[in-house]
Amino acid sequence: MDKDAGKGGRVLKVLAAVAVAFGLMTLKEGGAVLFVDGAGRQAAGSYVPFVLWFNFLAGFAYVMAGVGLWLQRPWAARLAVAIALASLLVLVAFLLFVMGGGAHEKRTLVAMPLRALIWSGIGWWSWRRLLSARGRSA
């Protein structure tokens, strides 16, 4: 069966588009806070620098993973899983920072778990679709 065939291929295309859009938005918003002293930085409030830098740099990986997923490249599934794992590690570091009394925005308490959840889902689906289903070893 062709790997583009069926619902699984369509879902992978949707996930790829979501990954690219998410990456581009992340780069735009993160870049505005990091590199422009203006409204974006003011609106960011008490951002946590290591979280912001991680998210900004991860935006490039999001776009790359999305393009790879669109093209159904096995390396993109591995990258999506790596993004999920890195997001979970940064989430843990962020939670430790918060528990230690670090200044933060409450919305980051929603955004970071959401990022980790989204990338865990993309990683799981793409791994299943591009690696496991074809009997490849990781």
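The model is predicted: local features need pLDDT of at least 70, side-chain atom pairs count only at pLDDT 80 or more, and totals for chains, interfaces and linings use all residues. Residues are numbered from 1 along each chain as its sequence is written, and side-chain values use heavy atoms, with hydrogens and water left out.

**Nonpolar cores**

- The largest nonpolar core has 30 residues. A nonpolar core is a set of buried Ala, Val, Leu, Ile, Met, Phe, Trp, Tyr and Cys residues joined through side-chain atoms within 4.5 Å.
- Val 51, Tyr 62, Leu 69, Ile 83, Trp 119 and Ile 122 touch the most other members of this core.
- Helices H1 (6-35), H3 (49-70), H4 (74-99) and H5 (106-130) each supply at least two of its residues. Helices here are DSSP runs (H or I, at least four residues), numbered from the N terminus.
- H4 gives the largest share, with 10 residues.
- Another core, of 6 residues, lies apart from this one; Leu 27, Ala 44, Leu 52 and Phe 56 are among them.
- Val 51 is in contact (heavy atoms within 4.5 Å) with Val 90, Phe 94, Thr 108 and Met 112, leaving aside neighbours within four places in sequence.

- Ser 87 sits in helix H4.
- Ser 87 counts as buried, at 0% relative accessibility. Buried means under 20% relative accessible area, exposed over 50%, and partly exposed in between (1.4 Å probe, protein chains only).
- A polar atom of the Ser 87 side chain lies 2.8 Å from the backbone oxygen of Ile 83.
- Not counting residues up to four places away in sequence, Ser 87 touches Phe 54, Met 112 and Ala 116.

**A loop residue with positive phi**

- Gln 72 belongs to the loop between H3 and H4.
- Its phi is positive, about 60°, although Gln 72 is not a glycine.
- Gln 72 is buried, with a relative accessible area of 2%.

**Salt bridges**

- Side chains of opposite charge can pair when their charged atoms come close.
- The structure holds 2 salt bridges. Each is defined as a side-chain nitrogen of Lys or Arg within 4 Å of a carboxyl oxygen of Asp or Glu.
- One joins Lys 28 and Glu 29, at 3.4 Å from N to O. Lys 28 is exposed at 60% relative accessibility, whereas Glu 29 is partly exposed at 48%.
- Arg 107 and Glu 105 also meet in a salt bridge, at 3.7 Å from N to O. Arg 107 is partly exposed, with a relative accessible area of 46%.

Notes:
A polar contact is a pair of N or O atoms within 3.5 Å; within protein, one must be able to donate a hydrogen and the other to accept it, and residues adjacent in sequence count only if both atoms are side-chain atoms.
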